[in-house]
Amino acid sequence: MFQTNYCFIIFLILINNILYTNSEEESWNQRFVRKLSDSIPTCPEDSSVDKCITDAFNYMTRSSVKGVPELNIPPIDPVRINKLNIQFSNNLIRGKAAIRNITATGISKGVFERVHYERKGKDIKLDVKFHLPLLKVTGKYRAEVVINNAKFSSKGLFDISLIELRSNAEHLAKLYERDGHTFLEMTSVDVEPTLGDMKIYASGLVPEPALNAALLEIVNSQWRTIYRSAVLSTRPSWLPIVVNYTNNFFSHLPFDLLITNRKE
C-alpha cells in the first residue's frame with residue numbers, strides 16, 4: 001500500500017505544480033495595465049455584478065488558448081513545460097521529482113458556473129464554483145521518495161486524466177492603493193476539489209512490468225479513497241501556490257479597471 005500511495009501522491013503533487021507553474025516560470029511584468037481594451041469585460045458594482053464577473057472569468061478562460069498579453073496571461077492550453085523540478089514533504093511522504101516534456105490540455109474548456117461577489121469596505125469575498133470536464137497531463141518523470149523510512153526510486157512515462165473536476169472555493173482578499181489605483185491582494189483561499197473519475201498510467205514505477213501493471217490497477221480502482229487522503233496531506237503545499245499566483249496576476253491588473261463604479 002505504501003507503493004500505491006506513493007505513485008498516486010507523486011502525480012497529484014505534479015498536477016498541482018503544473019496548474020500553477022506559470023507563476024514561477026513566467027517573468028511577470030511589474031508595470032501594471034492602465035487602460036483595458038474594449039474586448040476585456042469590465043463589471044459595474046451593482047445588482048448584476050455576479051453574472052458579469054462570471055462571464056468575464058469565462059471569457060478569460062476561453063481566451064487562454066492564445067493567451068491575453070494585455071493582462072500578462074500566457075497561452076495555457078495546452079500548457080507545455082520543458083522541465084519541472086519539485087520537492088515535497090509532509091507527515092506522509094517526502095522526496096523530489098524531475099519532470100520533463102510535460103503537456104497539459106483541457107484548461108480552456110473549464111467553466112465558471114457561478115461567482116458570488118461581496119465587498120465590505122476594503123474586504124472582499126469571492127465564492128467561485130468551477131467545472132473542468134477533462135484535464136489530461138502527459139510527460140516523463142524521475143522520482144526519489146521516502147514513505148515511513150522506506151525509499152522508492154522510479155522513472156518512466158506518465159499519462160493522467162482528471163475527469164469532471166469540480167471545485168467550490170471561497171477567496172478572501174483586501175484592497176489597497178498604489179500609484180493612484182486600487183489593487184487586490186488575496187489573503188486566503190479555501191478550496192477542496194472533487195473528481196468524477198481519474199485514470200493514471202505510468203511506466204517504471206517498479207522494475208517488474210507485471211507488478212507495475214498491478215500497482216496501476218490498484219490505484220485506478222481505489223483512487224477515490226487515496227485522492228481524499230492525498231488532497232488533505234498536500235494541501236499546505238499547493239494552497240500557497242494558488243494565493244501567490246493570484247496575487248502576481250492582480251499586482252499587474254488594477255482592480256478598479258475590472259470592477260467599476262465602486263461606492264465606498
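Good morning. The model is predicted, so local features need a pLDDT of at least 70, side-chain atom pairs count only at pLDDT 80 or more, and totals for chains, interfaces and linings use all residues. Residues are numbered from 1 along each chain as its sequence is written, and side-chain values use heavy atoms, with hydrogens and water left out.

Let me begin with the overview. The protein has six helices and nine strands. Both kinds of element are DSSP runs, numbered from the N terminus: helices are H or I with at least four residues, strands are E with at least two. The protein has 264 residues, and 50% of them count as buried. Buried means under 20% relative accessible area, exposed means over 50%, and partly exposed lies in between, with a 1.4 Å probe and protein chains only.

Now the surface. The accessible surface comes to about 13600 Å². Carbon and sulfur atoms hold 53% of that surface. The areas come from the Shrake-Rupley method with a 1.4 Å probe; for residues, only the protein chains shown count as cover.

Next, contacts, meaning heavy atoms within 4.5 Å. Take the contacts between residues at least 6 apart in sequence: 71% of them join residues at least 24 apart.

How confident is the predictor? The average pLDDT of the protein is 79, and 80% of the residues score at least 70. The pLDDT is the predictor's confidence in each residue, from 0 to 100. Among the elements, strand β4 (residues 111-120) has the highest mean, 93. Helix α2 (residues 22-25) has the lowest, 44. Residues 1-6 have a pLDDT below 50, and this stretch has 20 contacts in the model beyond near neighbours in sequence. Over residues 21-30 the pLDDT also stays under 50, and the model gives that stretch 20 contacts beyond four places in sequence. A word of caution: where pLDDT is low, the predicted coordinates should not be read in detail.

On to the strands. Two strands pair if DSSP finds at least two bridges between them. Start at strand β5 (residues 123-147). Which strand does β5 join through 24 bridges? That partner is β6, and the two run antiparallel. Look for Ile147, which stands opposite Ala150 in β6. Then find Lys129, whose bridge partner in β6 is Asn168. β5 and β6 form a hairpin with two residues between them. In that turn, Asn148 has a positive phi of about 50 degrees.

β5 has other partners. β4 pairs with β5 over nine bridges, in the antiparallel sense. Arg119 stands opposite Ile124 in β5. β4 and β5 form a hairpin, with two residues between them, and Gly121 in the turn has a positive phi of about 65 degrees. Strand β3 (residues 94-105) pairs with β5 too, antiparallel, over 10 bridges. There, Ile99 stands opposite Tyr141.

Now follow β6, residues 150-178. β6 pairs with β7 in the antiparallel sense over 10 bridges. Leu172 stands opposite Ser188 in β7. Eight bridges join β6 to strand β8 (residues 194-202), again antiparallel. Asp159 has Tyr201 in β8 as its bridge partner.

Two residues deserve a stop. Most residues other than glycine have a negative phi. Glu164, in strand β6, has a phi near 55 degrees, a positive value. Why is Glu164 counted as partly exposed? Because its relative accessibility is 31%. Asp179 is not a glycine, and has a positive phi of about 55 degrees. Where does Asp179 lie? Asp179 is in the loop between β6 and β7 (181-191). That loop is the turn of a hairpin, with two residues between the strands. At 56% relative accessibility, Asp179 counts as exposed.

Last, the disulfide. A disulfide is a covalent bond between the sulfur atoms of two cysteines. The rule here takes a pair of cysteine sulfur atoms within 2.5 Å. By this rule there is one disulfide. Cys43 is joined to Cys52, S to S 2.1 Å. Buried or exposed? Both Cys43 and Cys52 are buried. The torsion about the S-S bond of Cys43 and Cys52 is about -90 degrees, so the disulfide is left-handed.

That is my tour. Thank you.
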